[in-house]
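Subject: Handing over a structure

Hi,

Here is the structure I promised to pass on. Have a look at it first, and then read on for what turned up.

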Amino acid sequence: MHGNDYTESNNKHPSGVVYLVGGGPGDPGLLTLRGLDCLKRADVVVHDRLSNDELLAYAPQAEQIDVGKLPDHHPIPQTQINALLVEKARAGKTVVRLKGGDPFVFGRGGEEAQALAEAGIRFKIVPGVTSAIAVPAYAGIPVTQRGMARSVAFITGHSADSEPLDLNWQALAQGVDTLVFLMGVKSLPVIIASLMEAGRPTGTPVAVIERGTSPRQKVIVGTLSDIQEKAMEIQPPSIIVVGEVVSLHDTLKWFDPAPASK
Ligand code: SAH
């Protein structure tokens with residue numbers, strides 16, 4: 001394995017190791033070489049809903065544990081996932097914690113790493129191609145563009161049930177050129193209303209991209225004033241992009257998700 005490993009020399013449990021691996025946004029071709037190497041060598045792969053099933057085929061030798069949803073459709077509590085990673089590593093296993101996109105972009109990878117650090121477990125981070133950039137890219141939308149967008153923010157649209165979205169709308173609406181919302185489908189109406197209220201012009205282009213980079217990718221383009229109506233059918237997982245760069249979609253769209261065209 002490449003890369004320096006600070007924890008290697010001073011860990012208390014030398015036996016096992018956990019790799020927090022970013023699996024990329026969906027298209028299996030966007031897994032990194034290091035991620036692939038980890039999967040091939042894993043004793044255990046702990047994965048969830050967003051990690052691409054096709055990637056699991058690279059680890060046929062491994063015990064594969066799905067921690068995405070319990071049978072009652074509730075998510076498995078994070079503390080249980082952390083405990084599982086610790087337990088498997090303590091048993092001497094090479095564990096891959098496979099996560100969608102990048103493990104440190106809204107993936108709770110940071111919390112898992114903290115739990116491992118606290119337990120004295122050796123871990124390594126394998127960054128992944130985040131959906132925040134790759135999904136717009138597959139819709140022909142560069143998140144920055146000379147003369148058009150010099151700043152970009154990744155924002156969570158998720159809020160705990162019935163809580164309002166706790167964001168600095170003024171700062172986002174007026175201070176950042178491209179806004180990329182993850183987990184925002186349910187909050188789309190709030191996001192749009194809040195941005196307009198905070199001064200973003202109603203004609204600002206907006207794209208909503210469902211299942212980006214996959215054969216089921218859907219792209220809806222509009223403006224702050226009409227995107228809600230246009231994107232009624234959109235389901236998670238989706239990315240919402242707000243900003244002038246969305247206007248490039250028309251000329252830069254390149255990805256045809258229809259398998260026949262491949
Ligand atoms: N760590 C992940 C993000 C996890 S949060 C990453 O770096 O990509 C989950 C959210 O990611 C989803 O709600 C959705 O907003 C976004 N997402 C992930 N994959 C996606 C895809 N293929 N298409 C659209 N959105 C996606």
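A word on naming before anything else: helices (H or I, at least four residues) and strands (E, at least two) are DSSP runs, numbered from the N terminus. This is a predicted model, in which local features need pLDDT of at least 70 and side-chain atom pairs count only at pLDDT 80 or more, while totals for chains, interfaces and linings use all residues. Residues are numbered from 1 along each chain as its sequence is written, and side-chain values use heavy atoms, with hydrogens and water left out.

With that naming in hand, let's begin with Ser187, which sits in the loop between β7 and α7 (188-197). Is Ser187 buried or exposed? Its relative accessibility is 10%, so Ser187 counts as buried (buried is under 20% relative accessible area, exposed is over 50%, and partly exposed is in between, with a 1.4 Å probe and protein chains only). Gln228 is 41 residues away from Ser187 along the chain, and their C-alpha atoms are 10 Å apart.

Now the ligand. Its shell counts 18 residues, and Val105, Thr130, Ser131, Met183 and Ser238 come nearest (a residue is near a molecule or strand if one of its heavy atoms lies within 4 Å of it). By class, that shell has 10 nonpolar, 6 polar and 2 charged residues. Here Ala, Val, Leu, Ile, Met, Phe, Trp, Tyr, Cys and Pro count as nonpolar, Asp, Glu, Lys and Arg as charged, and the others, Gly among them, as polar. Both domain 1 (17-126) and domain 2 (131-252) give at least three residues to the shell; the bounds come from an automatic or database domain assignment. Helix α5 (131-138) and strand β10 (238-242) each supply at least two.

- A polar backbone atom of Gly100 is 2.9 Å from a ligand nitrogen.
- An N or O atom in the Thr130 side chain is 2.7 Å from a ligand oxygen.
- A polar backbone atom of Gly212 is 2.8 Å from a ligand nitrogen.

Taken alone, the ligand exposes 550 Å², and the protein buries 91% of that (areas by the Shrake-Rupley method with a 1.4 Å probe).

On to the rings: the structure holds 4 aromatic pairs (rings of Phe, Tyr and Trp, its six-membered ring, with centres within 6.5 Å; planes under 30 degrees apart are stacked, over 60 edge-to-face, the rest tilted). Trp169 and Phe181 have ring centres 6.1 Å apart and planes at 25°, so this pair is stacked. Because Trp169 lies in helix α6 (residues 169-175) and Phe181 in strand β7 (residues 178-182), the pair ties together parts that are 12 residues apart in sequence. Trp169 and Phe181 are both buried. Elsewhere, ring pairs join Tyr138, Trp254 and Phe255 into a cluster.

Last, some backbone details. Pro236 and Pro237 are joined by a cis peptide bond, with omega about -5°, and Pro237 is in the loop between α8 (227-230) and β10. In the loop between β8 (205-210) and β9 (218-223), Arg211 has a positive phi near 45° without being a glycine. Arg211 is partly exposed, at 30% relative accessible area. Thr213, found in the loop between β8 and β9, also has a positive phi, about 75°, but counts as buried at 3%.

Cheers

Key: A polar contact is a pair of N or O atoms within 3.5 Å; within protein, one must be able to donate a hydrogen and the other to accept it, and residues adjacent in sequence count only if both atoms are side-chain atoms.
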